[in-house]
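Q: Got a fold open here and I'd like to talk it through. Can you walk me around it, one piece at a time?

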Amino acid sequence: MISSELLRPIEILLIEDYPSDANLTIKRLKTAKVINNLHWVEDGETAMKFLRHQDEYADVPRPDLILLDLNLPAMDGREVLGEIKLDPQLKRIPVVILTTSADERDVLIAYNLNANCYITKPVDIQQFFDVIGAIEDFWLAAVKLPLD
């Protein structure tokens, strides 16, 4: 008998301020082999409301995986990552940094804040799709994600 946990979609939170990048990510993950629900927010403050189930996000599911851009308005991705990894209720959620920054300082900061992975977004659309496909293959299909 198959456990209902195995049939549950993977919940993904995309934190991305550029609609074009968000739309490409959403488009690619709609064709994923692994069933997923993707939720998109455009800034860090909204992301924290989502993660803490505040205001209109009171009934949203807890993400199994977070895709986080670093350069966000209001509260940047570094601050979001820091808050996630310091919060006992959120710290086990894997956070994949998906950003345009290839700056070594950003890479070090992200890993020092306990990011699970750092990926620089390619400019080429096909390469971008390939990167999202690699995230799908690894984080959605190969990795055992925590349920809480």
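Q: Which residue in S3 stands opposite Leu 13?
A: Ile 66 does. This is a predicted model, local features need pLDDT of at least 70, side-chain atom pairs count only at pLDDT 80 or more, and totals for chains, interfaces and linings use all residues. Residues are numbered from 1 along each chain as its sequence is written, and side-chain values use heavy atoms, with hydrogens and water left out.

Q: How many bridges join S1 to S3, and do they run parallel or antiparallel?
A: Strand S1 (residues 10-15) is joined to S3 by 4 bridges, and the two run parallel. Strands here are DSSP runs of E, at least two residues long; helices are runs of H or I, at least four, and both are numbered from the N terminus. Two strands pair if DSSP finds at least two bridges between them.

Q: What is the bridge partner of Ile 66 in S4?
A: Val 95. S3 and strand S4 (residues 95-99) pair in the parallel sense, over 3 bridges.

Q: Which way do the S3 side chains point?
A: S3 covers residues 65-68. Leu 65 and Leu 67 point one way, Ile 66 and Leu 68 the other. In a regular strand the side chains alternate between the two faces of the sheet.

Q: Are those four buried or exposed?
A: Leu 65, Ile 66, Leu 67 and Leu 68 are all buried. Buried means under 20% relative accessible area, exposed over 50%, partly exposed in between, with a 1.4 Å probe and protein chains only.

Q: What's the strand order in the sheet?
A: S2-S1-S3-S4-S5. The 5 strands form an open sheet with parallel pairing.

Q: Which strands sit at the edges?
A: Strand S2 (36-41) and strand S5 (117-120). Each pairs on one side only. Neighbouring strands of this sheet are turned by 20 degrees against each other on average, direction ignored.

Q: What does H2 touch on the sheet?
A: H2 packs on the sheet and touches S1, S2 and S3. The direction of H2 makes about 175 degrees with that of S2. Axes are lines fitted to C-alpha atoms, for helices over the stretch in contact, and angles run from 0 to 180 degrees between N-to-C directions. Contact means heavy atoms within 4.5 Å.

Q: And where does H3 lie?
A: Helix H3 (residues 44-51) lies across S1, S2 and S3. H3 runs at about 135 degrees to S2.

Q: What do S3, H4 and S4 make together?
A: A right-handed β-α-β unit, with helix H4 at residues 77-86. Right-handed means that, with the strands pointing away from the viewer, the path from the first strand over the helix to the second runs clockwise.

Q: New topic. How many salt bridges does the count come to?
A: 11 salt bridges. A salt bridge is a side-chain nitrogen of Lys or Arg within 4 Å of a carboxyl oxygen of Asp or Glu.

Q: What does Arg 28 meet in a salt bridge?
A: Glu 136, at 3.1 Å, N to O. Arg 28 is in helix H2 and Glu 136 in helix H6 (residues 125-142), 108 residues apart. Arg 28 and Glu 136 are both buried.

Q: Which residue forms a salt bridge with Asp 87?
A: Arg 52, with the closest N and O atoms 3.8 Å apart. Asp 87 is in the loop between H4 and S4, Arg 52 in the loop between H3 and S3.

Q: Why does Arg 52 count as partly exposed?
A: Because its relative accessibility is 36%. Asp 87 is buried, with a relative accessible area of 16%.

Q: Back to H2. Where does Asn 23 lie?
A: In helix H2, residues 19-30. Asn 23 counts as partly exposed because its relative accessibility is 44%.

Q: Zooming out, how many helices and strands are there?
A: 6 helices and 5 strands. From the N terminus on, the elements run α-β-α-β-α-β-α-β-α-β-α.

Q: How much of the protein counts as buried?
A: 49% of the 148 residues.
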